[in-house]
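Thanks for coming. I will go through one model today, chain by chain and then across the interface. Please have a look at the structure first.

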Amino acid sequence: MPHGIASWILQASDRIILQRFVPLAEVGLYNFGYTIGMGMQFLVMGINQAWSPHYFRLMKAESGADAKIVRAVSVYISLIGGICLAGVLFAGEIVHLLMPPRFYGAVPYIAPVLAGYLFSAYTISPARRSSTTRRQ
Amino acid sequence: MIVPLLTGFAAALNILLNLRLIPVYGAIASAWVTLATYGVLFSVSFRWGRRYQRIRYPLARYGILVAMILASTVAVQRLGILEPWR
């Protein structure tokens with residue numbers, strides 16, 4: 001529960017603060033860019049839901065588990081990193097293809113938010129890893 | 001218990017940086033603050049988590065990928081690559 005509240009504050013506080021200092025139209029563009037940028041989060045959540053049972057099973061395994069975990073984590077990091085890199089490089093093209101011109105102003109916001117959510121995606125692994133190890 | 005504390009610290013940092021930088025640089029500051037905040041949260045979580053890890057990951061390779069993404073993020077903003085889309 002405290003983690004959920006802190007996560008919500010972390011995700012939503014910027015738009016609440018923005019409304020005080022920036023025109024509402026710009027807040028709307030920022031919100032659109034932010035939503036595109038955090039889109040990767042849905043993939044990350046899905047992967048982690050699928051990965052958790054395998055991870056805990058591997059943690060109980062006696063031999064060969066470490067190599068399998070390293071391989072899976074490497075695939076995860078490469079996949080998420082590749083998607084993020086493509087998003088950073090082609091954010092303009094993506095918005096141009098999908099949205100009308102009045103949304104083009106959102107493009108500059110996408111790359112930093114996307115890179116931020118890359119760190120968010122990578123934070124999940126060490127946090128889960130450490131909490132699991134501690135319980136043993 | 002440490003994870004909510006770290007996230008709370010990141011949320012407080014996010015609010016402070018936004019209040020400080022948005023009035024000066026506008027909405028784009030908020031996007032960069034998002035990157036900075038999640039970067040700090042990752043760094044602190046990673047350092048804390050390593051104390052309990054027994055698995056050795058190829059961190060240098062992961063670091064190269066992250067460095068490429070960060071360099072690309074700065075480059076697309078600074079080199080005018082986004083100009084056609086503004």
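How far apart do the C-alpha centres of domain 1 of chain B and domain 2 of chain B lie? They lie 19 Å apart. The domains are 2–55 for domain 1 and 58–86 for domain 2, with bounds from an automatic or database domain assignment.

Before going on, the conventions. This is a predicted model, where local features need pLDDT of at least 70, side-chain atom pairs count only at pLDDT 80 or more, and totals for chains, interfaces and linings use all residues. Residues are numbered from 1 along each chain as its sequence is written, chains are lettered from A and ligands numbered from 1 in the order in which they are written, and side-chain values use heavy atoms, with hydrogens and water left out.

Now chain B itself. Chain B has three helices and zero strands, in the order α-α-α from the N terminus. Helices here are DSSP runs of H or I with at least four residues, and strands are runs of E with at least two. The C-alpha trace spans about 50 × 30 × 15 Å along its principal axes.

Five residues of domain 1 of chain B are in contact with five of domain 2 of chain B, contact meaning heavy atoms within 4.5 Å. The buried area between them is about 340 Å², 87% of it from carbon and sulfur atoms. Buried area is the accessible area, with a 1.4 Å probe, that two parts lose on being put together, summed over both. On the domain 1 side, Trp32(B), Leu35(B) and Phe46(B) supply 78% of the area buried against domain 2, more than any other three residues.

What about the partner chain? Here 49 residues of chain B are in contact with 54 residues of chain A. The area buried between chain B and chain A is about 4,700 Å², with 76% from carbon and sulfur atoms. Helices H1 (2–25), H2 (27–50) and H3 (59–78) of chain B each supply at least two residues of the side that touches chain A. H2(B) gives the most to that side, with 16 residues. Salt bridges between chain B and chain A also come to zero.

Note on methods
A salt bridge is a side-chain nitrogen of Lys or Arg within 4 Å of a carboxyl oxygen of Asp or Glu.
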